[in-house]
Structures are given as C-alpha cells and as structure tokens.
Amino acid sequence: LENALTLVLAAPDRMAEQYGAADILTRLYAWADHPSVQGVILNVESDPVVQAAYAAWDVNPGSWQAANDVAEAIKVLVDQFTDTYPNLAYLVIVGDDEIIPFYRVADQNPTFWHEFHYRQSVPAGTLRDAFAADRILTDDFYADRSPTVPGSPFWVDGHELFLPDFAIGRLVGEPEEMSAILEAFLTNDGVITLDPGLIGGDPSLTRDLREAQCLAYQNDGLSASCPGSSSQFWLSVL
C-alpha cells in the first residue's frame, strides 16, 4: 500500500461499546481495497498514548481540553502515516464526535453570537459540552500537516489556523448505516450517476455567479448550456 491515496481513521472497539458488536472493519477493508480508494486503515485505539487520552476523556467527557488531548494524540499518528504514504490525498474519519473527536478551537467571533448561545439546540453529549465552552468544532486539524499563524494585526492572539492538505470527511451513523453506504459504493463501483438537472436564480442578483459556475462546468468537460441573459442554465452530467 505504498501508493495509498486514502487514510481511514477508525476506533472499532469504541464504536462497539457505543453500538454493540458490529463487523464494520470487514466492510471498511473491502471498501479500502477498491482501486479508486486505495485506502489504509489506522486503528487509532492500537496506540497506548491514544488509549490513555481516551481514558482521561471518558472520566471527564465534558472537558473540551480532554477531547483535544485525544485529537492531538491521534494527529501524531496521522502525521506518521502521511510521512509513510506520501501520495495520500484523502482522509476519512469513521464515527461521530464521541468516537473520534472533532478538534475544539476557541470562538474568536467579536459579535454577540458565540457558540455557547446554541448549546441548548444540541442534544446532551460531547457536542453540547463543546458549545457550552464556546468552542468551534473542526476536522481540518487532522488534515493540516503544518498549521499556519497568519501574520496580520487583525489575527487575534496569534492562534493557529488549520488549512487542510487533504480532502477530509466523516462516515457517520450507526454501523449498519455505515455498512450500507460502503456497500452501495462497492455495488456501483464508486460511480455516482446524476440525472440532468436545472439550476435557476434571479438574473438581477446571480447572473455573474451562474455564468461563472456554468463556464467552470464546461472547463471540466461537462455539458452545460450558458445563456448569458437567461435566469437559468441546463447541466447534463455525462
């Protein structure tokens, strides 16, 4: 797998504790073997430092710092794998925040609308705890090999900015739902087929944007009609 394109972060034991026994790993390995995925699976729980961080978080699940300690321990493993597999382009996290935590960053918003105002709109759990601590959630932390500190007088307190080097996403839901998604991918050989669609908009407000989008589709080899004065254009995905 020296030419691996996709790194998959999984915590199967933790997932089994939450959802019960489920053979998600078997389906993940089958999906990772697909030629368009070329994935390598990292069981983050196999690392003793990560195990210790998880144990500390479980003792104090409301602590944003304990969650970040888990994320930081996992990030060390991610960096090791990205050195071992230099062609990596994709990062997939399996599970929600309680399985593999988002990284918590301080809300630097200077207005009234801080994250803690939204805590009551979120079900009880680690996400609500993060919002209550006025923290914003991000996965970009895992996908940025070297965080940036912008050299601007407007950049408050010199905190790090995470700009991902890899495309990143999460596979979420219960194990059966995850398996169904992976099975659908394999059944369709990784191909998503879209019917022709119609995109519309107010010509007085969005014409420039629609024309730019239409031209971008054409430049990518898609069949799109771009009438300059029309309020809509057709896009056919071939």
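Analyst: Contact here means heavy atoms within 4.5 Å. By that criterion, and not counting residues up to four places away in sequence, threonine 138 touches Phe102, Tyr103, Val105 and Phe162. This is a predicted model, in which local features need pLDDT of at least 70 and side-chain atom pairs count only at pLDDT 80 or more, while totals for chains, interfaces and linings use all residues. Residues are numbered from 1 along each chain as its sequence is written, and side-chain values use heavy atoms, with hydrogens and water left out.

Threonine 138 belongs to strand β5, residues 135–138 (strands are DSSP runs of E of at least two residues, helices runs of H or I of at least four, both numbered from the N terminus). Threonine 138 counts as buried because its relative accessibility is 14%, where buried means under 20% relative accessible area, exposed over 50% and partly exposed in between, with a 1.4 Å probe and protein chains only. A polar atom of the threonine 138 side chain lies 3.0 Å from the backbone nitrogen of aspartate 140.

As for the chain as a whole, 34% of its 238 residues count as buried, and the chain contains 8 helices and 9 strands. Among the contacts in the chain with a separation of 6 or more, 67% come from residues 24 or more positions apart. The accessible surface of the chain, from the Shrake-Rupley method with a 1.4 Å probe, comes to about 13200 Å², with 56% of that area belonging to carbon and sulfur atoms.

Conventions: Polar contact = N/O pair within 3.5 Å; in protein donor to acceptor, adjacent residues only side chain to side chain.
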